[in-house]
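Please open the model in your viewer and keep the selection panel at hand.

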Amino acid sequence: MMQSKTVQIWVGIFIALGFAALFMLAMKVSNLSSFTDDDGYEITASFENIGGLKVRSPIKMAGVIVGRVAKINFDNINYEAVVTMSINTRYNKMPADTSASIFTSGLLGEQYIGLEAGGDENYLKQDDELQLTQSAMILENLIGQFVFDKASEEKQ
Amino acid sequence: MTGWLQQLGENGLNAFERTGRGHIFLFHVLRGIPEILLRPQLIIQQIYSVGVLSLIIILVSGLFVGMVLGLQGYTTLVDFGAEQSLGVMVALSLVRELGPVVAALLFAGRAGSALTAEIGLMKSTEQLSGMEMMAVDPIRRIITPRYIAGIISLPLLTAMFSAVGVIGGYLVGSGLLGVDEGAFWSQMQAKVDLQEDILNGVIKSIVFGAVVTWIAVFEGYDTTPTSEGVSMATTRTVVHSALAILGLDFILTALMFTDV
């Protein structure tokens with residue numbers, strides 16, 4: 001059996017390495033170092049169709065991630081999707097008439113909400129609702145429309 | 001015909017009996033925990049032989065698994081122009097599945113078999129009975145520290161396996177194949193979630209650690225006290241651990257990662 005002091009040192013190194021690895025996974029590999037959604041204010045927007053948007057999808061303004069989708073509900077009266085967005089409190093100077101559209105990153109990539117600033121002098125605050133929204137572009141609909149147009153062109 | 005049925009019945013009853021004994025044994029082992037926490041020296045000694053001595057195999061395998069993932073992932077992803085997602089692929093497959101499972105399989109082969117052989121030999125050379133004669137409970141003195149050491153060691157080893165694997169994937173992806181370094185890390189950070197992915201991986205490895213060590217110490221304690229019995233018990237440890245790990249991994253994955 002080895003000297004108990006050497007054993008203790010090795011076990012100490014082992015445990016330290018283990019926690020260092022966990023720490024590296026947490027900081028370097030996962031998204032802990034980017035902001036968490038706890039410190040954010042929530043705004044909502046209604047869309048006719050959200051396509052493939054999911055909870056935790058990014059919300060971008062000028063291409064920069066400013067928040068994440070917190071909740072997606074269905075409005076049973078207007079038959080629209082109600083998306084709750086959590087915006088980082090650092091970005092608290094968004095005009096009240098900001099508009100939201102659903103975009104796709106790349107042609108087939110994931111979907112995100114793009115915000116575009118308006119000109120209002122009042123700022124958005126907790127529980128505000130965005131009035132101007134644009135639904136997701138559904139690729140199948142576009143193709144369908146394209147084929148339909150082609151067919152009607154050929155008839156003429 | 002009756003002979004065959006009798007054999008089947010006997011085997012079935014034996015299996016039930018062993019399962020029952022295994023659970024009673026686990027209960028005894030767990031009951032010894034409060035006492036053993038007062039003597040951490042015993043646990044440290046076991047963490048050394050179970051965890052520290054497994055370090056090399058875990059680190060080297062982790063590095064190579066990560067590097068192979070990087071190579072193979074690249075060949076597939078580059079066809080779709082998505083080689084920037086290499087980091088996400090490597091990190092997610094390591095943290096969610098390969099890390100816990102491969103580390104646990106290696107752990108069963110390296111540490112589990114050693115535990116079984118050690119305890120089995122103690123039994124066949126009647127050291128365990130000797131302890132009982134001296135009014136020392138062999139389960140609390142011998143088994144419980146090993147069990148605790150296994151549960152502590154495997155999650156740490158798994159974390160190292162995954163971390164080294166990610167580094168291996170990075171070395172191959174960024175160094176050898178020319179994937180952009182920034183995209184590699186930033187896409188990884190954007191897609192890997194601390195709770196969803198990393199925490200669930202840790203939970204998996206704790207479960208595997210508990211199960212593998214349980215199988216190993218039970219097989220050792222329950223062995224037929226002959227050299228043949230010890231060899232059979234060691235084989236059973238590795239086989240049963242591997243089956244348990246893969247089966248449990250399916251169940252845990254189904255529970256953790258299926259809500260879309």
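For the angles on this tour, axes are lines fitted to C-alpha atoms, for helices over the stretch in contact, and angles run from 0 to 180 degrees between N-to-C directions. Helices (H or I, at least four residues) and strands (E, at least two) are DSSP runs, numbered from the N terminus. This is a predicted model, in which local features need pLDDT of at least 70 and side-chain atom pairs count only at pLDDT 80 or more, while totals for chains, interfaces and linings use all residues. Residues are numbered from 1 along each chain as its sequence is written, chains are lettered from A and ligands numbered from 1 in the order in which they are written, and side-chain values use heavy atoms, with hydrogens and water left out.

**Chain B and its helix pairs**

Select chain B, which has 10 helices and 0 strands and whose C-alpha trace spans about 65 × 55 × 35 Å along its principal axes. Of the 260 residues in chain B, 47% are buried, where buried means under 20% relative accessible area, exposed over 50% and partly exposed in between (1.4 Å probe, protein chains only).

Next, select α5 (residues 86–124) and α10 (residues 227–257) of chain B, whose axes lie 9 Å apart at an angle of about 150°. That angle makes α5(B) roughly antiparallel to α10(B), since angles under 35 degrees count as roughly parallel, over 145 as roughly antiparallel, 65 to 115 as roughly perpendicular and the rest as oblique. The contact of α5(B) with α10(B) involves 13 nonpolar, 9 polar and 3 charged residues; here Ala, Val, Leu, Ile, Met, Phe, Trp, Tyr, Cys and Pro count as nonpolar, Asp, Glu, Lys and Arg as charged, and the others, Gly among them, as polar. The crossing of α5(B) with α10(B) is right-handed, a crossing being left-handed if the near helix is turned anticlockwise from the far one by less than a right angle, and right-handed if clockwise.

The next two stops use a 1 Å grid over the protein atoms alone, on which a cavity is a set of points where a 1.4 Å probe fits but cannot get out, and a pocket is an open set with protein on both sides within 12 Å along at least five of seven lines; lining residues have an atom within 4 Å of a point. Grid points are joined across faces, edges and corners, and a volume is the space filled by probe spheres set on the points.

For the largest pocket, with about 1,100 Å³ of space, select V55(A), R56(A), E110(A), A190(B) and K191(B), which lie nearest its centre among the 33 lining residues. The lining of the largest pocket divides into 12 nonpolar, 10 polar and 11 charged residues, and its largest share, 4 residues, comes from α8(B).

Which residues line the largest cavity? Select L22(A), L25(A), V95(B), P100(B), P155(B), T158(B), A159(B), S162(B), I198(B), G201(B), V202(B) and S205(B). The largest cavity has a volume of about 70 Å³, and its lining has 8 nonpolar, 4 polar and no charged residues.

**Single residues**

In chain A, select F47(A) in strand β1 (residues 40–47), which counts as buried because its relative accessibility is 0%. The C-alpha atoms of F47(A) and L132(A) are separated by 9.3 Å, although the two residues are 85 apart along the chain.

Most residues other than glycine have a negative phi. Y79(A), in the loop between β3 and β4 (80–88) of chain A, has a positive phi near 55°, and at 58% relative accessibility Y79(A) counts as exposed. D127(A), in the loop between β6 (111–116) and β7 (129–130) of chain A, has a positive phi of about 70° and counts as exposed at 57% relative accessibility.

Finally, select G178(B) in the loop between α7 (138–176) and α8 of chain B, which counts as exposed at 58% relative accessibility.
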